Amino acid sequence: MPPRTVFAMTMAAAVTAAAVEFHVSPDGNDAGPGTQARPFATLERARNAMRAAKGEAGGTVWSHAGTYCLAKPLEFPAEDSGTPGAPVVFRAVPGEEVRLSGGVPLALDTFTPVTDSATLDRVDPAAREHIRQITLDPDVLAQVSHEWPDTWWNYRRAVTSLTELFAGDQRLPMARWPDEGYTHMGECLGAN
């Protein structure tokens, strides 16, 4: 066999054995190629691209800094692991902080001032102009509030699960009464 043919076969083997790499960024676009210059936007898209690539040498999905909001669970069955000699790895780019969140981002401008007089009358006058409200889109409401059985906890509540609200990195307290401690019941005088 001439040396030129051997060299060509060696190069072809090296090309097929190259590990696959994809990049993901919250500012990316799932319609893009998943390169460092044009990353995907979601981990799900990167996982699916890795499945389609089926690299014999495994591969890496590099997640760039930011928060990735997952609207549904992201599953990795055995097919997504690669092999012991050629693993598929999902990791953050070194030095970049990556967060996975099951929460739903809400734009600040969707919180509007409360104008209902009956609601405002129940609030300290000094606080009235600082109270905001939001009406959740039905799709968002379904995502954050799964149906619970009919119990005392969800009686007459639109949001039935234990939801939390964060502003930046700070967890905001849920409105409650009383502000501290518990409500104590007095003597029951009789049934009506």
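Let's start with strands β1 and β2. They pair in the parallel sense, over five bridges. One example: Val 24 stands opposite Ser 63 in β2. Keep in mind that this is a predicted model.

How covered is β2? Look at the two sides in turn. In a regular strand, the side chains alternate between the two faces of the sheet. On one side of β2 we have Gly 59, Val 61 and Ser 63. On the other we have Thr 60 and Trp 62. Both faces are covered.

Next, back to β1, residues 20–24, and to His 23 in that strand. Is His 23 buried or exposed? Its relative accessible area is 9%, so His 23 is buried, because the cut-off for buried is under 20%. What does His 23 touch, leaving aside neighbours within four places in sequence? Its contacts include Trp 62, His 64 and Phe 40. Gly 34, Thr 35, Gln 36 and Pro 39 are also on the list.

On to the aromatic rings. A pair of aromatic rings is described by the distance of the centres and the angle of the planes. How many aromatic pairs does the structure hold? Two.

Take Phe 22 and Phe 40. Their ring centres are 5.7 Å apart and their planes sit at 35°, so this pair is tilted. Phe 22 is in strand β1, while Phe 40 is in the loop between β1 and α2. They are 18 residues apart, and the pair links distant parts of the chain. Both are buried.

Then there are Phe 76 and Phe 90. Here the centres are 4.8 Å apart and the planes are at 65°, so the pair is edge-to-face. Phe 76 lies in the loop between β3 and β4, and Phe 90 in strand β4, 14 residues apart. Phe 76 is partly exposed, at 41% relative accessibility. Phe 90 is partly exposed as well, at 28%.

Last stop: Gly 103. Where is it? In the loop between β5 and β6. Gly 103 counts as partly exposed, at 30% relative accessibility. Beyond its neighbours within four places in sequence, Gly 103 contacts Cys 69 and Gln 143. The C-alpha atoms of Gly 103 and Tyr 68 are separated by 9.4 Å, with the two residues 35 apart along the chain.

Note on methods. Residues are numbered from 1 along each chain as its sequence is written. This is a predicted model: local features need pLDDT of at least 70, side-chain atom pairs count only at pLDDT 80 or more; totals for chains, interfaces and linings use all residues. Side-chain values use heavy atoms; hydrogens and water are left out. Helices (H or I, at least four residues) and strands (E, at least two) are DSSP runs, numbered from the N terminus. Buried means under 20% relative accessible area, exposed over 50%, partly exposed in between (1.4 Å probe, protein chains only). Contact means heavy atoms within 4.5 Å. Rings of Phe, Tyr and Trp (its six-membered ring) pair if their centres lie within 6.5 Å; planes under 30 degrees apart count as stacked, over 60 as edge-to-face and the rest as tilted. Two strands pair if DSSP finds at least two bridges between them.
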